[in-house]
Amino acid sequence: MGIKFTRFPWGSMRCGMVDGHVLVLNKSWVAVNVASARRAITLLYQGHARAVHPADYSLYSFEAWCDLSADEDSDEDGRFLHTPRIRVRLPEVIILSAFNSFVHREVPFTRRNIFTRDNHQCQYCGRRFAKQDLTVDHVIPRSRGGGDSWDNLVLACVRCNLKKGSRTPEEANMPLIRRPARPQWLPRLGTRIPRHELMSWQRFVDTTYWAHEPVEESAVG
């Protein structure tokens, strides 16, 4: 391609996905972060990362990725960045060339993150409610030895909470719509991550719990 930029020309860049997200993997193909469009393309351009093709997971250098981008006829999905000289598709996933460590994170056990995990949805009737119309219910009641933990706390609407009372779901004949569990950490930038991006990340990270709402606390930079 003969690209001679000493640094990536962001001043002349037009980006339809300026707030887009790119999943970052280490050398072992383990998710370690989520990068902004600017950061991901810069890493790719500087040779610190390669783009992962979403169909067959083949790897591309910056120049090879630009060549692949040029062969695409349409940019209807908006994931293209433009300069006067080139057009680059924003990759969905990149893999770092050197970094092979792990980022050990856990989602903080907070009331807010229980609401995030359960997506403001009563785990008994399945309906979604405003925050003020939901309670945090002990699956195994405290009076029966149930404690405060990821796998024993769920959201319940007021009606279902009163109906269940001090019984277990089995005793009340009120099965949970989903078994509660500690959610896996999903790195993020502090903004909502669109569902279409999450779908392309399913091979690398379990996004089940965070498909609608971001978790609190930011990821590593």
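In what follows, a residue is called buried when its relative accessible area is under 20%, exposed when it is over 50%, and partly exposed in between, with a 1.4 Å probe and protein chains only. The structure before you is a predicted model, in which local features need pLDDT of at least 70 and side-chain atom pairs count only at pLDDT 80 or more, while totals for chains, interfaces and linings use all residues. Residues are numbered from 1 along each chain as its sequence is written, and side-chain values use heavy atoms, with hydrogens and water left out.

I begin with helix α1. Helices (H or I, at least four residues) and strands (E, at least two) are DSSP runs, numbered from the N terminus. In α1, the buried residues are A37, A40, I41, T42, L43, L44 and Y45. Because seven of its nine residues are buried, α1 is largely enclosed by the rest of the structure. Just after this helix, G47 takes a positive phi of about 85°.

This leads to the nonpolar core, meaning a set of buried Ala, Val, Leu, Ile, Met, Phe, Trp, Tyr and Cys residues joined through side-chain atoms within 4.5 Å. In soluble globular proteins, nonpolar side chains tend to be buried together. The largest core here has 22 residues, of which I41, F62, V88 and I94 touch the most other members. At least two residues each come from β2 (21-25), β3 (31-36), α1 (37-45), β4 (49-52), α2 (62-70) and β8 (93-96). The most is given by α1, with six residues.

Next, the backbone. Most residues other than glycine have a negative phi, and most peptide bonds are trans. Which residues depart from this? W29, although not a glycine, has a positive phi of about 65°. W29 sits in the loop between β2 and β3, and is partly exposed at a relative accessible area of 32%. Y57 likewise is not a glycine and has a positive phi of about 65°. Its place is the loop between β4 and β5 (59-60), and Y57 counts as partly exposed, at 27% relative accessibility.

I turn to charged side chains. A salt bridge is a side-chain nitrogen of Lys or Arg within 4 Å of a carboxyl oxygen of Asp or Glu. The whole structure contains five salt bridges. R117, D118 and R178 are linked in a network of them. R117 meets D118 at 2.9 Å, N to O, and both of these residues are buried. D118 also meets R178, at 3.7 Å, N to O. That pair links distant parts of the chain, 60 residues apart: D118 lies in helix α3, and R178 in the loop between α5 (169-172) and α6 (195-200). D118 has a relative accessible area of 1%, whereas R178 is partly exposed, at 27%.

D148 is partly exposed, at 45% relative accessibility, and R142 is exposed, at 58%.

Finally, the surface. Where do R127, R159, K163 and R167 gather? They form a patch of positive charge on the surface. Such patches are made of residues with over 30% relative accessible area and no salt bridge, like charges being joined within 9 Å and nonpolar side chains (Val, Leu, Ile, Met, Phe, Trp, Tyr) within 5 Å. R127 is found in the loop between α3 (111-118) and β9 (134-138), and is exposed, with a relative accessible area of 54%.

Notes
Accessible areas come from the Shrake-Rupley method with a 1.4 Å probe; for residues, only the protein chains shown count as cover. Lys and Arg count as positive and Asp and Glu as negative; His and the chain ends are not counted. The place of a charge is taken as NZ of Lys, CZ of Arg, CG of Asp or CD of Glu.
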